[in-house]
Amino acid sequence: MSLADTLNRKLWGDMSTGHFIGMVIGCCVALLVMCFLGSTIIGWLLAAAMCYLIAHLFHNSHKQKVILGAVTCLLIVIIGGAEIGPSAMQTFEDDYEKVDTDYFHDVTVTYDDALGTLTVTTEFGDDLKGYTPAIGYSNVSMIVYGGVYTETLLRDMELFDISSKTYTFTDWDTSKLHYFTLVLAEDSDGKLMAKEGSVGFTDGCITDDSGSRISWIGAAYATAFFGAIFFIITLGSWFFRSRMKKTRKKLEEQGRLYPQGYGRCAKCGAIVLPGEVECRKCGTYIDRPDEMKPNKVDYFRCTNCGAEVPAMAEVCPKCGATFTEEETEVIHADGSVTIEESLTCPDCGASVPPGSDGVRICPKCGKRFQE
């Protein structure tokens, strides 16, 4: 094996063209899912599962899957931080009006650069169900593939009465991106609590270069979840496969399971159990591997073809030869070989071949008798 082949096997797990294609497809599918659904944990989970499943369908090794996961994580960070996030920021700059809801409509946002104040004006319907129209806001902590993640949840936001249909915000941090929400609220112990009718909008014109920072933070956040899910699946698969291989090896050593490749009939594909020399479905002779033979019961060796023959058989299951000789060579489970004579059944007169432990069983009537 050349040095290049050795390095390929060590670094890539003996990668073939099919393996490489599987990795490329898995990576591309994961990136597409992230671009469309990457703002939620469902998207991260789906992207990781699809990436692993495609690699698995192309029979990539676990080492190749690890490489695939690392490369995909890197691309998710770069695409989310350098492309999706900035594109979302550009969209936020024009995001001052939202589609009308059942309660709020004609929302306008005005920002005064000189005073650093922001004024929100809205109209609302007549039927507010007895609730108070209110507005609240929170700083945006990160932009995750276009999705806005705020520092404060809606239920924890401080809300302000906007019954006058306008509210002006002053004395705030103008270097950050802010998320605003209009809700119907009720008074609870002197504090407005959001109930329903929420409509949110983001004001992006008051941000500076921090917008790119929160885009990279969001991309890294999504990547961390994707990577954790992908590598947990990969590690779990490797662990269970390793355990299955150890269990199979133990069963093979105990003679309770055939070695790989010997568990099915070569002709019809039916499952063959250890010790069977003839397929129960199609009758084809089963050529057992040598490591399975010493653990089984006594058997004959056909003098015509050398196949294993069950102790009471009169016809070879492989070549069809009929056993008519009075003396038969018997190979015992412990490896010893004896020449034993066939006896006549006292009940039906049939020829009875040698048995184990001195007990003979008539193949015709089933009578048992000692030698």
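Hi everyone. Please keep in mind that the model is predicted.

Let's start with a pair of helices. Two packed helices are described by the angle between their axes and by the distance between those axes. For α2 and α3, the angle is about 170° and the axes lie 8 Å apart. How do the two run relative to each other, roughly parallel or roughly antiparallel? Angles over 145 degrees count as roughly antiparallel, so α2 is roughly antiparallel to α3. If you want to find the contact on screen, look on α2 for residues including Gly22, Ile25, Val29 and Leu37, and on α3 for residues including Gly43, Trp44, Leu46 and Ile54. Sorted by class, this contact has 13 nonpolar residues, three polar ones and no charged ones.

In soluble globular proteins, nonpolar side chains tend to be buried together. Here the largest nonpolar core has 25 residues, and Met34, Leu68, Phe226 and Phe230 touch the most other members. Which elements give two or more residues to this core? They are α2, α3, α4, β3 and α5. Take Leu68 as an example: leaving aside neighbours within four places in sequence, Leu68 is in contact with Met23, Cys27, Cys51, Ala55 and Phe230. Apart from this core lies another one, of 18 residues, and among them are Phe124, Leu128, Ile135 and Trp172.

Next, the sheet. Strands of a sheet pair through backbone hydrogen bonds, either parallel or antiparallel. In our model, three strands form an open sheet in the order β1-β2-β6, and the pairing is antiparallel. From one strand to the next, the twist averages 15°. Strand β2, residues 117–124, is joined to β6 by four bridges. You can look for Thr121, whose bridge partner in β6 is Thr166.

Finally, two residues with a backbone angle worth a look. Most residues other than glycine have a negative phi. Asp106, though not a glycine, has a positive phi of about 55°. Asp106 sits in strand β1 and is partly exposed, with a relative accessible area of 47%. Lys129 also has a positive phi, near 60°. Where is Lys129? Lys129 lies in the loop between β2 and β3, and is partly exposed, with a relative accessible area of 48%.

Key. Residues are numbered from 1 along each chain as its sequence is written. This is a predicted model: local features need pLDDT of at least 70, side-chain atom pairs count only at pLDDT 80 or more; totals for chains, interfaces and linings use all residues. Side-chain values use heavy atoms; hydrogens and water are left out. Two strands pair if DSSP finds at least two bridges between them. Axes are lines fitted to C-alpha atoms, for helices over the stretch in contact, and angles run from 0 to 180 degrees between N-to-C directions. A nonpolar core is a set of buried Ala, Val, Leu, Ile, Met, Phe, Trp, Tyr and Cys residues joined through side-chain atoms within 4.5 Å. Buried means under 20% relative accessible area, exposed over 50%, partly exposed in between (1.4 Å probe, protein chains only). Contact means heavy atoms within 4.5 Å. Angles under 35 degrees count as roughly parallel, over 145 as roughly antiparallel, 65 to 115 as roughly perpendicular and the rest as oblique. Ala, Val, Leu, Ile, Met, Phe, Trp, Tyr, Cys and Pro count as nonpolar, Asp, Glu, Lys and Arg as charged, and the others, Gly among them, as polar.
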